[in-house]
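Here is a short report on a two-chain structure. Have the sequence and the 3D view open while reading.

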Amino acid sequence: MTKKISNINDRPRKKPRTLEESAKIASRRFLDPKYNSVKEPKGLASGKVSKSGNFINDEEDECDE
Amino acid sequence: MLATHIDAERRYDKIRRDALKAISIQIDSIQNLEFKLIDDLALSAAKKWNESDNRLVSWEWENYGQFKMSYPKRFELALWHNNHLTSLSLGRPTYNATGLRLDFIERNSDYEDVKVFQITLAAMNVYADALGAKELRVMNPINDEVKKYYETFGLQYVAKGDYLFIRV
């Protein structure tokens with residue numbers, strides 16, 4: 001059974017957030033006072049440079065799953 | 001450099017700057033915090049990190065130029081506090097552009113006045129939203145302590161791929 005084309009618009013399209021809205025949400029989310037007591041590791045770092053010290057890593061993520 | 005690359009660089013440079021400006025306005029509880037792109041001043045300050053005994057990586061941030069050239073849509077942040085470089089970070093959209101990766105982040109291991117990760121995540125979140133990405137990924141935490149720290153902010157670890165993610 002095929003779906004009627006008119007049903008495509010059943011779900012209203014979500015309006016994209018403005019940068020200001022995004023920033024408000026992001027700061028509330030990640031700078032929540034509940035994190036105040038959490039200590040950040042001194043040598044915090046993430047990443048993997050290539051053997052030659054290059055910031056372009058050979059490994060690509062091939063899918064988003 | 002191709003004209004299309006220059007165009008993309010210009011377009012995304014504006015989005016990057018606007019995103020950083022937007023988050024800097026929101027995070028006003030921390031005085032003298034500056035959100036900047038990586039420039040010569042930041043690279044020169046990062047060079048001094050080599051002298052620290054607390055540093056756990058030996059990255060040469062001067063090599064960031066190649067990353068910059070390769071990824072016009074990249075996320076980048078040089079976070080300053082009271083004129084101290086507190087961290088540098090670099091990322092790019094995932095393969096299908098549904099997420100934004102944080103490929104590199106390094107905190108100034110001798111400066112403890114600011115917690116950089118949550119601020120960087122918030123800045124990334126704004127840029128990811130502007131790109132239409134739905135997920136943030138933090139790639140290759142350097143040790144278990146760092147990984148656990150990330151998990152406190154709700155990020156989930158994926159062993160296959162060695163990264164953590166959170167929905168935007």
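Why does D162(B) count as partly exposed? Because D162(B) has 14 C-beta neighbours inside 10 Å, it counts as partly exposed. The cut-offs are these: a residue is buried if 20 or more other C-beta atoms lie within 10 Å of its own, exposed if 12 or fewer, and partly exposed in between, with C-beta atoms placed from the backbone.

## Model and conventions

This is a predicted model, in which local features need pLDDT of at least 70, side-chain atom pairs count only at pLDDT 80 or more, and totals for chains, interfaces and linings use all residues. Residues are numbered from 1 along each chain as its sequence is written, while chains are lettered from A and ligands numbered from 1 in the order in which they are written.

Helices (H or I, at least four residues) and strands (E, at least two) are DSSP runs, numbered from the N terminus. Two residues touch, or are in contact, if their C-beta atoms, placed from the backbone, lie within 7 Å.

## The two chains together

Chain A has 1 helix and 1 strand. Of its 65 residues, 18% are buried.

The contact between the chains draws 32 residues from chain A and 51 residues from chain B. On the chain B side, at least two residues each come from α1, α3 (64–70), β4 (99–107), α4, β5 (135–139) and α5 (144–151). The largest share is that of α4(B), with 8 residues. By class, this side of chain B has 27 nonpolar, 15 polar and 9 charged residues. Here Ala, Val, Leu, Ile, Met, Phe, Trp, Tyr, Cys and Pro count as nonpolar, Asp, Glu, Lys and Arg as charged, and the others, Gly among them, as polar.

## Helix α1(A) against α1(B)

Two packed helices are described by the angle between their axes and the distance between the axes. Helix α1 of chain A (residues 19–30) packs on helix α1 of chain B (residues 3–26) at about 50°, and the axes are 8 Å apart. Axes are lines fitted to C-alpha atoms, for helices over the stretch in contact, and angles run from 0 to 180 degrees between N-to-C directions. The pair α1(A) and α1(B) is therefore oblique. Angles under 35 degrees count as roughly parallel, over 145 as roughly antiparallel, 65 to 115 as roughly perpendicular and the rest as oblique.

The crossing of α1(A) and α1(B) is right-handed. A crossing is right-handed if the near helix is turned clockwise from the far one by less than a right angle, and left-handed if anticlockwise. From α1(A), the contact uses L19(A), E20(A), S22(A), A23(A), K24(A), A26(A) and S27(A); from α1(B), it uses D18(B), A19(B), A22(B), I23(B), I25(B) and Q26(B). By class, that is 7 nonpolar, 3 polar and 3 charged residues.

## Helix α1(B) against α4(B)

Within chain B, α1(B) and α4(B) pack at about 135°, with axes 9 Å apart. That makes α1(B) oblique to α4(B). This crossing is right-handed too. I15(B), R16(B), A19(B), L20(B), A22(B) and I23(B) of α1(B) meet A122(B), A123(B), V126(B), Y127(B) and A130(B) of α4(B). By class, the contact of α1(B) with α4(B) has 10 nonpolar, no polar and 1 charged residues.

## The nonpolar core

The largest nonpolar core has 58 residues. Such a core is a set of buried Ala, Val, Leu, Ile, Met, Phe, Trp, Tyr and Cys residues joined through C-beta atoms within 7 Å. Those with the most contacts inside the core are A19(B), I23(B), A122(B), A123(B), M124(B), V126(B) and Y127(B). Helix α4(B) (residues 116–131) gives the most to this core, 11 residues.

Leaving out residues up to four places away in sequence, I23(B) touches A23(A), A26(A), S27(A), F35(B), A122(B), A123(B) and V126(B).

## Strand and loop sites in chain B

L88(B) lies in strand β3 of chain B. It is buried, with 26 other C-beta atoms within 10 Å. Beyond four places in sequence, L88(B) touches I38(B), A42(B), A46(B), W61(B), A78(B) and E106(B).

N32(B) sits in the loop between α1 and β1 (33–36) of chain B. N32(B) is exposed, with 11 other C-beta atoms within 10 Å. Its C-alpha atom is 8.0 Å from that of N83(B), 51 residues apart along the chain.

## Positive phi

Most residues other than glycine have a negative phi. A97(B), in the loop between β3 (84–93) and β4 of chain B, has a positive phi near 60°. D162(B), in the loop between β6 (156–158) and β7 (163–167) of chain B, has a positive phi near 50°.
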